[in-house]
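Please examine the structure shown below.

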Amino acid sequence: MILSEKLASIGYWTHFVTVALFALGLIGFLIRRNALIVLMSLELMLNAVNLLLVQISMRTGTSEGMVLVVFVITIAAAEVAVGLGIILNLYRMKKTVDLDSFRSLSG
Amino acid sequence: METLLPLAILLIVSLLLCVGILAVTQILGPKRPVPMQLSTYECGVKPEGGSHVPFKSSFYLVAVLFLLFDVEAAFFLPWALVYKNSLAEGPALFWALIVYLGLMAIGLFYILRKNILRLN
Amino acid sequence: MNGLDFLIAALKAIVILVAVIQVVPVMIYVERKVAALIQDRPGPNRVGPFGLFQPVADALKFLLKEDPIPHYTNRLLYTLAPFLSLLPACLVIAALPIADKAILFGREVTIQIAELDVSLIYILAIGSLGVYGILFGGWASNNKYSLIGSLRSASQMVSYELPLGLAAVGAVMVFGTFSLREMVLQQEGTLLGFLPNWGIFYQPVGFLIFLISSFAETNRLPFDLPETEAELVAGFHTEYGSMKFATFFMAEYMNLATMAGLMTVMYFGGWHLPWITDAALLELLGSQNLLCLVQVLTYIVKVSCFMFLYVLIRWTLPRFRFDQLLSLSWGSLIPLGLLNIIVSATLMYLIGVKQ
Amino acid sequence: MVFAIFSVFTLLTAAGVILSRNVIYSALNLVLCFFGLATLYLLWGATFISMIQILIYAGAIVVLFVFVVMLLNFEKPIDQSVKLPLMLLSGAGAWGLAFLLLRVLSKSVGEIPILESNSGASVRTVSKLLFSQYVWPFEVLTIFLLALIVGIYVLAKPEGEEKK
């Protein structure tokens, strides 16, 4: 397949994939109460952003988008490391990872 | 695209191989389930307690440190790719490495010093 | 894209995959024979001449065994786990450049399944997916021994991925490319007039780190903690039997072959014969396809040497303890890998300045 | 065509992540989802990002998730009583937002003309850019990772001390 043809496939359909991925992440973030799955949903949203960045990068022929993706991946790794550390500590206290049971900060 | 076609075929063939292995054992193998065979194996002794042991956070620490260092090691790869060709343009990349590696070494030294992984 | 393209692609993928799977029976036989030799007993000698058909008998036996799925296990994951470890092992061979070009149906075909420009990272990345088979297998078995075994083995695999990556960085620095094919092409000829121009002479420390890590990465003795028969029953595959059990072993042997192949490519000149360039060899042989055959044979011989080393070491060295294993990786190999990078960078910089 | 297959695969597995009752299935779906995304990048020619995606996301981040799932002991499943109105509300909200985003994207990104020769996105140029123009953000990121190592130690320390 020639290049322009390949790039033509980065069209409306890819926008749909991007936003659908983001929406799925958002829904998971909102409806699930398991802290681990909430964290995973967060990852899905970050990946939707990555998808968009790569898309723009391929469209414009510049590398900035890719560099940003590398940074986003690092941040995602950091977020997961700390997030899971916190979840482990919470589990140690409450023996559950149900987000509804962590109410000690609310009034 | 042309380079990806053999890869796609390899993926399909490997999937077929997996399905094939599963199917062949299902067809050829006899089925004589006995209760003892289907229970948890603990050296022939009756299974004791639940199967999920209380966790040790050292496993978590290994995994999380792996994650962080994997990210850092992954950054070395693009650096190494352009290093050889950048030598003609001056030592900028060399100093970038020194700073980067210094920071990474501090991190590594910290975990070894604090004995986070309970090595000794 | 036409039918011929498709045919060539399919041929490449299937032939190379089948060839790599052949490593499994050969290794079973070699391993048992060498074990017998070292332990001073005859080894397999009943099936066929010199017991040569023993692997076939083993395979048949595995296939004809009952394949129970114990209660208490998570059926889906239990069934899926062996294939989660086999699939990456199959996919990873796509990036190995086995030989240069052959003439097939009147066109030039490279003997490499996928000519990616990032084939080195491809192997590292897909190889790192192999850990899921172990993790899910141990979890789904719902057995204490399996769970602990899989956690330990996964910790081991992830700990040794780092030195593997760092050693690879050294090679990337020297060759200035991620493409394994280009790496091999750069290793033609001689170094200083009398040495073959191989990666090991540029990255001796990197090679050592890579070799040691590859033992751990493929769960071989002296790092076979997943299978410590005496301590953990059998580690993560305690509850597995029949062909599912064999599938884990297939994946292990295929990973072994990939690691040996990768070392050959990165440090031992891939398909090149020492001291003779491809052009001179082509003149000698007269045909591109014959040259390709010689290259494939060279590659296979080099890989076999590594495989034999794996077998020898398995039956000569004692096993490491778990904390020794972790401290070898985090306390020795990773710092050594960083040191290797910085020393190589400094040397390259100094040589570059002098020119 | 191949692209469509893998994007549908990605979306299905993403749905699997948020809908699975068992966390371990979510993790499995997450791996497959990241694998699908990596394939999409590969199909577009962004090979380096594709491999980094597998190496770090599928090979490290989800491994950490699976480790935590294996270490925690889930006796009773959570999420049994998700209220239906809440679910519908959040679903509708999210899809509404998605629709809005889709419109915005096709108006903004969709208008960017597709370059005929996109040599700009090769591995080499990405690496060069990362280590020339973006070298300072990059070093700051390293300091950030260093801080993270210390943070992780503080987070996971107490249990380690009890063990002694």
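## Confidence in chain A

In chain A, the lowest confidence falls in helix H1 (residues 3–8), where the mean is 52. The highest is found in helix H3 (residues 35–60) of chain A, at 89. The model is predicted, and these values are pLDDT scores. For chain A, the mean pLDDT is 82, and 87% of the residues of chain A reach 70 or more.

## Contact between chains D and A

Chain D places 68 residues in contact with 67 residues of chain A. On the chain D side, the elements that give two or more residues are helices H1 (2–19), H2 (23–44), H3 (47–71), H4 (84–108), H5 (123–130) and H6 (135–163) of chain D. The largest share, 12 residues, comes from H4(D). Sorted by class, the side of chain D that touches chain A has 52 nonpolar, 13 polar and three charged residues.

Two packed helices are described by the angle between their axes and the distance between the axes. Helix H4 (residues 64–94) of chain A and H5(D) have axes that come within 9 Å and cross at roughly 70°. Angles of 65 to 115 degrees count as roughly perpendicular, and therefore H4(A) is roughly perpendicular to H5(D).

The crossing of H4(A) past H5(D) is right-handed. From H4(A), the contact is made by A:Met66, A:Val67 and A:Val70, and from H5(D) by D:Val126, D:Leu129 and D:Leu130. By class, the residues of this contact of H4(A) with H5(D) are six nonpolar, no polar and no charged.

## Contact between chains C and B

A further contact concerns chains C and B, in which 66 residues of chain C touch 57 residues of chain B. The elements of chain C that give two or more residues to this side are helices H1 (3–21), H3 (54–64), H4 (75–92), H7 (144–175), H10 (242–267) and H13 (322–354). The side of chain C that touches chain B divides into 42 nonpolar, 14 polar and 10 charged residues.

## A strand hairpin in chain C

Chain C also contains a pair of strands, E1 (residues 99–104) and E2 (residues 107–111), which run antiparallel and are joined by five bridges. In one of the bridges, C:Ala99 has C:Ile111 of E2(C) as its partner.

E1(C) and E2(C) form a hairpin, with two residues between the strands. In the turn, C:Phe105 has a positive phi of about 50°.

Technical notes: Residues numbered from 1 in each chain as written. Chains lettered and ligands numbered in written order. Predicted model: local features only at pLDDT ≥ 70, side-chain atom pairs only at ≥ 80, totals over all residues. Contact = placed C-beta atoms within 7 Å. Helix = DSSP H or I, 4+ residues; strand = E, 2+ residues; numbered from the N terminus. Nonpolar A, V, L, I, M, F, W, Y, C, P; charged D, E, K, R; others polar. Pairing = 2+ DSSP bridges. Axes fitted to C-alpha atoms, helices over the stretch in contact; angles between N-to-C directions. Parallel < 35°, antiparallel > 145°, perpendicular 65-115°, else oblique. Left-handed = near helix turned anticlockwise from the far one by under 90°. pLDDT = per-residue confidence, 0-100.
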